[in-house]
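Open the model in your viewer and keep the selection panel at hand.

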Amino acid sequence: MDFRGAHIISVNQFARDDVERVFAVADTMEPYAHREHFTKALEGAILGNMFFEPSTRTRVSFGCAFNLLGGHVRETTDVKASSISKGESLYDTARVISGYSDVIVMRHPQVGSVAEFAKASRVPVINGGDGPNEHPSQALLDLYTIKKELASNDTKIDGMNIAMVGDLKHGRTVHSLSQLLQLYNDIHFTLISPKELKMPKDIVGKLGDAGHTVIETDDMESGLGDNNTVYLTRIQEERFTSKLEADIYRGRFRLNQAIYTRNCQPNTVIMHPLPRDSRKDANELDNDLNQHPNLAIFRQTDNGVLVRMALFSLILDVADKVEQTASKAGWYTGSRF
Ligand code: CP
């Protein structure tokens, strides 16, 4: 894949070599993300960060990644704050914003909207989540995290066992991650969800066609055993027709310390794309696991900055200029990492 100037809309654009190229560049970003050095590789460049759905991690980490590479960020964070609320089309919005930006990240509630926007854009567009469809940068950071976590247990992605739990119908992160895992060999997927919220059939079919094993179940405790990674998801309330409908499923599958100890292997990595729903009636990932060494959720969020820096530097073709324009950070950086 030629990253230079590319739109990143779907994980299906990536070959395994492309994923590994992103990971290799992400590794080189640690000194900048960890505030040991700063770089001016993207000095003068502008990111149009357009989020038409709520976001904490994706919006802020894409913004930070761009800032850490020396660039500026312009944000639009609500349909009401944009002329889309006056009836302006995605086509016109893309033509306009791409005249003001060097690259755009966009999140939008409709499936296919980011691809439609990208067709009209004059600069590269990265999909920050298009409804229940895809979230490619989340899948890259999730897989980067899995790779690192497994490496610390001397295990590889090829041959791994993963359980995905929760709302697999509407969860775009599991749609993208499972399709990215398809590029690897002999993955054993256990898909744990209510019968009504199963992984879309076309994705399950693709996993089987690629030679992976897929088990679908609604019995969480039996599905948890023998996995290298358990990836939990929230009931995606915003994709249901009403809160009442989402309430039927909320809290059905929960992982806490007792359930983990009873069912999981001692090294099983616990992941969640976040946000986790910490309200009492949901609580799919309990706070009593917060200090557990295998809880990787905040390593995922930190890794998001590295992976997003890698994407920007590859798309804008500055990967080899990052170190050339680097200086040592002159401020107190503490020991956050
Ligand atoms: N994981 C994720 O997409 O989080 P946000 O919705 O906060 O961006």
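A polar contact here is a pair of N or O atoms within 3.5 Å; within protein, one must be able to donate a hydrogen and the other to accept it, and residues adjacent in sequence count only if both atoms are side-chain atoms. This is a predicted model, in which local features need pLDDT of at least 70, side-chain atom pairs count only at pLDDT 80 or more, and totals for chains, interfaces and linings use all residues. Residues are numbered from 1 along each chain as its sequence is written, and side-chain values use heavy atoms, with hydrogens and water left out.

Select Leu274 first: one of its backbone N or O atoms lies 2.8 Å from a nitrogen atom of the ligand. Next, show the side chain of Thr58, where a polar atom is 2.6 Å from a ligand oxygen. At His135, a side-chain N or O atom lies 2.9 Å from an oxygen atom of the ligand.

Finally, colour the chain by domain, with bounds from an automatic or database domain assignment: domain 1 is 11-134 + 302-328, and domain 2 is 136-298. Their contact (heavy atoms within 4.5 Å) takes 30 residues from domain 1 and 27 residues from domain 2. The C-alpha centres of the two domains are 25 Å apart.
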